[in-house]
Each structure stands twice: as structure tokens, then as C-alpha cells.
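Here's a quick tour for anyone meeting this structure for the first time.

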Amino acid sequence: MRVLLINPFYPISETPSPPLGLAYLAGALEAAGMAVKVLDCVVSPLSDDLLSSLLEEFKPDLAGATAVTMTVDHALTVLERIKTLDPDIPTVLGGPHATFCAADILESFPQVDAVVRGEGERSLVALARAVQERSPWSRVPGIAFRENDRIVTTDLPPLADLNELAPPARHGIPLGRYRALGMPVSMTTSRGCPFKCIFCVGRKMVGAKVRYRDPVRVVDEMAALSRLGFHQINLADDLFTANRDHCLAVCNEIMDRGLTVKWTSFARVDTVTEQILASMRRAGCTTVSFGIESGSPEMLRRIKKGITLEQALQAMQLCLDCGIDPHASFILGLPGETPQTLRQTLDFGETLKAMGANHGFHILAPFPGTDIRERLETYDLQILSDDWREYHANRAVVRTAGVGPETMDAIVIESEKMFDRWLDKIGRRRAMGLADEKEAWPLTRLEHTVVIYDMMMKRLIENHGSWPVDATAGDPGHPVEQLIQRATEDLDHPPQRIRSAVEFAVKEKYIEMTKADGRVSWSWVEGFPQ
């Protein structure tokens with residue numbers, strides 16, 4: 001049984017990491033004795049020729065794509081292309097958007113044969129077996145599908161013991177490309193969220209009861225990831241600090257092993273203490289992100305956040321005292337937003353900035369499955385667009401009676417401009433020779449990332465990274481210089497920036513060269529570093 005798993009296109013501006021959900025699905029399928037191939041459209045451009053070649057070579061018996069709301073259109077497009085090339089391949093769509101829009105997707109998009117709802121590992125394995133054995137899909141738990149012009153839905157409660165899950169299979173994911181882009185790698189120590197924020201799908205997607213992985217297995221995985229060459233590990237739990245004992249057990253396991261690793265996590269301001277944060281810092285935690293959402297106490301009550309601004313200030317200060325960088329996230333455009341509540345949020349952000357804490361803004365995206373969207377008539381909120389590609393939370397798709405989209409967009413745009421001005425300042429200091437390497441590195445790394453990303457998406461290495469060596473005339477130039485020349489001809493960046501990025505990619509072993517059969521050939525280092 002062969003299963004093709006698809007990671008749809010995701011903008012580089014969203015700082016994507018290697019797809020953890022697909023890695024878990026791949027691990028479950030492989031544990032069941034099935035072959036898996038991952039098509040990652042985030043770091044590799046998709047074309048009909050490439051897809052046709054993949055289907056011809058791998059011959060999948062089932063093709064499945066995952067998607068969040070912002071990427072669902074691309075996922076549907078890939079599945080449509082697969083159906084066009086081979087209508088006999090069963091297709092399945094999973095992820096939070098598909099979970100809460102299953103009926104709409106099956107009614108509107110014939111290229112989708114089934115939807116996996118909620119946690120997908122057990123359901124996808126069962127569906128793959130049903131395809132293999134030609135058994136009824138009605139026996140597959142946790143899916144939705146068409147049968148005799150009706151939508152059939154089956155249920156599956158969340159897995160009680162996460163330790164029963166097969167480890168995520170990352171060996172089929174192009175890890176080297178994410179490393180080359182400077183992205184972090186993610187893992188989880190738990191699933192579930194006990195809180196009831198009206199703008200979030202997490203609780204409905206993975207359940208209200210938090211389930212925890214064995215701390216020993218957690219740190220086993222963390223130790224393995226620490227050897228893969230990523231600069232940072234993100235603990236992607238909805239709430240790593242939900243349970244004090246679990247959090248401390250993971251930290252103590254890291255310290256007992258003497259493991260040196262940099263990692264980040266998410267937390268609530270009412271779940272951290274000096275003891276917890278100090279342990280996290282000693283265990284390698286560098287940054288903790290908090291969803292504060294609003295600087296208005298009334299807004300916090302309205303969205304059922306369950307925290308106070310006093311708790312937020314205390315959590316920020318505790319992080320700073322422990323040597324952890326705190327980051328606060330705010331959501332603009334929540335139900336009932338007014339110019340006054342916006343001003344409270346902006347002022348609170350300035351208070352955090354004065355303390356030395358970072359903060360950022362997003363704009364409410366009313367995702368399917370959220371309380372806000374399902375009970376829209378009870379809130380002061382108007383949804384302006386159902387173009388899912390616009391649900392990236394960086395531009396407004398909502399308005400309230402008191403605040404329009406232009407106002408919210410202006411706040412986020414100004415925040416983006418401040419970041420650009422900071423980079424421009426570094427660039428000017430670097431050009432004048434006033435910036436040391438540490439100060440200039442954020443801008444330099446960003447420039448490398450932009451060039452390397454364009455190399456990937458234009459398939460520079462695949463299309464122009466191989467050439468014959470004239471044995472009689474000798475090598476006409478150093479292979480690195482030849483690659484730089486070809487990149488300069490193909491990419492729209494300043495030549496010096498291209499040179500710097502290519503030399504950096506070679507030095508860090510993101511790309512490698514081989515000589516065989518009279519040819520020089522460059523390739524991306526796709527898997528695990530040696």
C-alpha cells in the first residue's frame with residue numbers, strides 16, 4: 001500500500017517549519033506497513049510535469065493533503081490535478097479547515113473523496129486499509145465521505161494515550177530545505193486545550209482534555225532533533241505550561257541528560273511561575289509566547305480569555321527576570337472592538353515594550369469551527385470575505401460597528417514598517433562599517449533566506465546546477481563560481497547578495513557538489529546532515 005501525503009503551498013512570510021502533522025501521519029502509516037511519499041509544496045514548486053512523474057514513479061494507492069484555512073485552496077488544486085492525471089486514485093483532505101467544513105467540501109469539490117476529521121493518524125491508517133482491502137468506508141472511524149448522493153459521517157474520539165502514537169517520520173520530509181531557509185523545527189509534548197477562547201479552533205480540533213506524552217519520550221525526540229542542524233526547536237503544544245508537573249518533568253529530563261538545546265514554547269500568563277520559568281530557562285528555553293489578545297479588560301471578558309492584564313504584566317516580568325524573552329500576541333478586530341479598546345491595546349503594547357518585552361499584532365480571522373463564526377449573529381462582527389486565501393490574519397477580513405478594516409490594517413502595516421525601518425537601520429550601519437557581525441546578522445540571514453528561497457522555487461539547482469567538465473581544457477572555473485554565475489543570470493537580486501547567499505549555502509552544507517561521469521552536479525542536502 002502506497003500513500004502520497006501533500007503539504008500545500010504556504011508563504012515563506014509565515015515562517016513555515018517542517019510539517020509535523022504530516023510527519024505523524026507518515027509515522028502511523030509506516031508503522032502499519034505502508035509506503036509513504038511526501039510532496040512538500042512549501043519548499044518545492046509544483047508543476048503538472050513533476051506531479052505526473054511522481055504519480056508514475058510512486059504509483060500511490062491513496063493521496064492525502066492537509067490544510068489550514070489559508071492553504072485549503074492550494075490543497076484542493078493539487079488534489080484536482082491528481083484526479084485529472086489519474087481519476088482512480090482515492091483522495092482525502094484533512095486538517096482543521098476540512099474538519100469543520102467537511103460537508104461543504106464534499107458537496108462542492110468532487111476531487112475530494114473523503115475528509116479526515118480531527119486527529120488523523122488512526123483514521124488515515126484505517127482508510128488506507130479500507131482502500132487496500134476494498135472494504136466499506138462506513139467502517140472507517142473519524143471521516144466523512146459521499147455515499148449514494150449523501151454525506152456519511154463517522155466519529156472517533158481523541159486518542160486517550162499519546163504514547164500509543166508512532167513517532168513522527170521526518171525522514172521523508174525535505175528537512176535540509178527548511179534548514180537552509182533558517183526555519184525552526186517543531187515538536188509537541190501534549191495535545192488538547194482546556195480553555196474556551198471564542199476565536200480558537202484548538203479545543204474543538206483536539207479536545208478539551210489535555211493529554212501528555214511521556215517526558216522521557218519527549219526528550220528522546222528533542223535530543224534527536226538537536227542533532228539535525230536546526231537553530232531552534234519549537235514546542236508547538238497549544239499550552240506547554242498547562243500542567244506544572246508535566247512541564248517540570250520535561251525540563252528536569254533535559255537537565256538530567258545534560259542536553260544543550262534551544263527551544264521555545266507557548267504559555268498562558270496565568271500558568272507560569274518563577275519556578276516553572278526558571279526551570280524552563282535552565283533547560284534551554286529562550287522565548288515564551290503569550291496570547292494576551294487585547295489590552296482591554298472588557299474585551300478579555302468578552303472573548304472568554306480568562307486572564308487579567310495584571311497577570312500579563314507579572315508573566316512578562318517573570319520571564320525577563322529569568323532570562324527568557326517574552327513575546328505577547330494581540331488580536332485586533334475581536335467582537336465589539338472600538339477605537340477605545342484599540343487604543344487600550346496599543347497602549348498596553350507600549351507598556352510591554354518599555355519593560356523590554358516584544359509584542360506583535362494579528363487581525364481576527366474567523367476560522368470555520370470557531371465560536372465566533374458559528375454564532376456570528378450574537379456578536380458585533382461582520383465577516384467581509386470568505387476567500388480563504390485571505391485568512392492569514394495579517395489583513396482585515398472583518399469589521400465591527402466601531403472599527404473598520406482600514407483602521408486595523410493601518411496598525412499592522414505600521415508594525416511591519418517599524419520592522420523594515422529596523423532592518424534598514426542595520427543595513428545602513430553595515431554599509432558604513434559600523435555594525436558588528438552580531439548586529440548585522442539578522443539582516444544578513446534574512447537576505448540569505450530570500451535568495452535561497454528563490455533558488456528553491458525557481459528550481460535553480462535542479463535546472464541549472466549540473467554541467468559537463470571539459471577534460472581536455474580542464475575545469476574552466478571553480479564550481480562555486482560557476483554556480484554563482486548561473487544564479488546571477490536566473491535570479492532577480494543584486495549580484496553581491498546572490499554571491500553571499502550561495503557561498504553561505506555551500507559553507508553551511510545546505511547544497512553539495514559531486515563530480516561523476518564527467519559532470520559537476522549540485523544538489524540540495526534534503527535529509528539528515530552527516
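Let's start with a pair of helices: H19 (residues 479–490) and H20 (residues 495–507) pack at an angle of about 135 degrees, and their axes are 9 Å apart. That angle makes H19 oblique to H20. Keep in mind that this is a predicted model.

**More on H19 and H20**

- The crossing of these two helices, H19 and H20, is right-handed.
- On the H19 side, the residues in contact are Val480, Glu481, Leu483, Ile484, Ala487 and Thr488.
- They meet Pro495, Ile498, Arg499, Val502, Glu503 and Val506 of H20.

**The six-stranded sheet**

- Six strands line up as E8-E11-E12-E13-E14-E15 in an open sheet, and the pairing is parallel.
- Which strands stand at the edges? They are E8 (185–187) and E15 (358–363); each has a single partner strand, so one side of each is left without a neighbour in the sheet.
- Going from one strand to the next, the twist averages 25 degrees.
- E8 runs parallel to E11 (residues 233–235), and three bridges join the two.
- Val185 stands opposite Ile233 in E11.

**Helices on the sheet**

- Helix H9 (residues 215–226) lies across E8, E11 and E12 (263–267), and runs at about 170 degrees to E8.
- Helix H11 (residues 274–282) packs on the sheet too, where it touches E12 and E13 (285–293).
- The direction of H11 makes about 140 degrees with that of E13.

**A closer look at H11**

- Are Ile276, Leu277, Ala278, Ser279 and Met280 of H11 buried or exposed? They're buried.
- The cover over the buried residues of H11 includes helix H10 (244–257), E12, E13 and helix H13 (309–322).
- H11 and H13 pack at an angle of about 40 degrees, with 9 Å between their axes, and are therefore oblique to each other.
- H11 passes H13 in a right-handed crossing.
- Glu274, Leu277, Ala278 and Arg281 of H11 make the contact with Ala315, Leu318, Cys319 and Cys322 of H13.
- After H11 comes Gly284, which has a positive phi, near 115 degrees.

**Antiparallel strands and a hairpin**

- Strand E5 (residues 114–116) pairs with strand E6 (residues 143–147) in the antiparallel sense, over three bridges.
- Val116 has Ile143 in E6 as its bridge partner.
- E6 also pairs in the antiparallel sense with E7 (residues 150–153), this time over four bridges, and Arg146 has Ile151 in E7 as its bridge partner.
- How many residues lie between E6 and E7 in their hairpin? There are two, and Asn148 in the turn has a positive phi of about 55 degrees.

**Cysteines**

- How many disulfides are there? The count comes to zero, with a disulfide taken as a pair of cysteine sulfur atoms within 2.5 Å.
- For Cys193, the nearest cysteine sulfur is that of Cys200, 6.0 Å away, and Cys193 is in no disulfide.
- Cys193 counts as buried because its relative accessibility is 14%, and buried means under 20%.
- Cys322 is in no disulfide either; its nearest cysteine sulfur belongs to Cys319 and is 7.1 Å away.

Note on methods
Residues are numbered from 1 along each chain as its sequence is written. This is a predicted model: local features need pLDDT of at least 70, side-chain atom pairs count only at pLDDT 80 or more; totals for chains, interfaces and linings use all residues. Side-chain values use heavy atoms; hydrogens and water are left out. Two strands pair if DSSP finds at least two bridges between them. Axes are lines fitted to C-alpha atoms, for helices over the stretch in contact, and angles run from 0 to 180 degrees between N-to-C directions. Contact means heavy atoms within 4.5 Å. Buried means under 20% relative accessible area, exposed over 50%, partly exposed in between (1.4 Å probe, protein chains only). Angles under 35 degrees count as roughly parallel, over 145 as roughly antiparallel, 65 to 115 as roughly perpendicular and the rest as oblique. A crossing is left-handed if the near helix is turned anticlockwise from the far one by less than a right angle, and right-handed if clockwise.
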